[in-house]
Amino acid sequence: MPVEEFVAGWISGAVGLVLGHPFDTVKVRLQTQTTYRGIADCMVRIYRHESLLGFFKGMSFPVASIAVVNSVLFGVYSNALLLLTATSHQERRAQPPSYMHIFLAGCTGGFLQAYFLAPFDLIKVRLQNQTEPRAQPGSPRPRYQGPMHCAASIFQEEGPRGLFRGAWALTLRDTPTLGIYFITYEGLCHQYTPEGQNPSSATVLVAGGFAGIASWVTATPLDVIKSRMQMDGLRGKVYRGVLDCMVSSVRQEGVGVFLRGLTINSARAFPVNAVTFLSYEYLLRWWG
Ligand SMILES: CN(C)C(=N)NCCC[C@H](N)C(=O)O
């Protein structure tokens, strides 16, 4: 089993994650809180009230867990392709796999990584939604003091299953959209790379960026539902499930609710995934 694929997935994910976290915080707030008038208003209010640090709330757990999550995604994807096509990462340049195989391998990677991602993503979303400024003597303390305290509180208040709140919506979001992610990336690399050669850095950056955009545009409707279900536990159980969350969100805010965070998701997706794929490709080439 090519272990390098798991390690490359980890390092490349961490680079992309740090770069995109401030955008992610704005997106999560727009999807779950109705007090902001738009991206600019949200950014200005975070900066004024919480300082630059407000944009980085909830980042430590994702950085720590990306090792597991991204190595599962890229490792399962690559090993699923190996099973389906019997070709390694290097051999695939000369013998490109079919788009059906790429899609199936991507969906498998997306499905499995969702379960590893679910508890870490839940804690990230809960911390990102805390609007209190950094604790000062005498100021009100936020509900969660940090990621470990957040995890322990959810465990105590909602039991172990509470840590998987929103996991089903996350799985529905990631299974098909990671198929789309890898198809877009491989398709664009194939299109702009001479037969049998490795794609150039520019091709990898552009293909990775567009793969990010294509997957996040299609993922945004379920991303909204996932974020809402993850915040649901705080106010007691309001939604009865994914469908109930969809129906009541549309009833209250119209179908446009599914597009919340679309612009920022797409803007964030290009640089994050361009860098993710560039480091992934280079790490694999470097390890031979
Ligand atoms: C649409 N989805 C769920 C994805 N494309 N997921 C892959 C994650 C890539 C990167 N860490 C990111 O956050 O964009």
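Tutor: The largest cavity has a volume of about 640 Å³, a volume being the space filled by probe spheres set on grid points joined across faces, edges and corners. This is a predicted model, in which local features need pLDDT of at least 70 and side-chain atom pairs count only at pLDDT 80 or more, while totals for chains, interfaces and linings use all residues. Residues are numbered from 1 along each chain as its sequence is written, and side-chain values use heavy atoms, with hydrogens and water left out.

Student: Why is this called a cavity?

Tutor: On a 1 Å grid over the protein atoms alone, a cavity is a set of points where a 1.4 Å probe fits but cannot get out. The structure holds one cavity of 30 Å³ or more.

Student: What makes a residue part of the lining, and which residues are closest to the centre of the largest cavity?

Tutor: A lining residue has an atom within 4 Å of a grid point. Of the 31 residues that line the largest cavity, Ile66, Leu117, Arg173, Trp216 and Arg268 are the closest to its centre. Helix H1 (3-32) is among the suppliers of at least two lining residues, and the largest share, seven residues, comes from H1.

Student: What takes up the space of the largest cavity?

Tutor: The ligand does; a molecule sits in a cavity if more than half of its atoms lie within 2 Å of its grid points.

Student: Which helix gives the most to the shell around the ligand?

Tutor: H7 does, with five residues. The residues surrounding the ligand include Arg173, Ser215 and Asn273, each with a heavy atom within 4 Å of the ligand.

Methods: 1 Å grid on protein atoms, 1.4 Å probe; cavity = no way out; pocket = protein on both sides within 12 Å on 5 of 7 lines; lining within 4 Å. Helix = DSSP H or I, 4+ residues; strand = E, 2+ residues; numbered from the N terminus.
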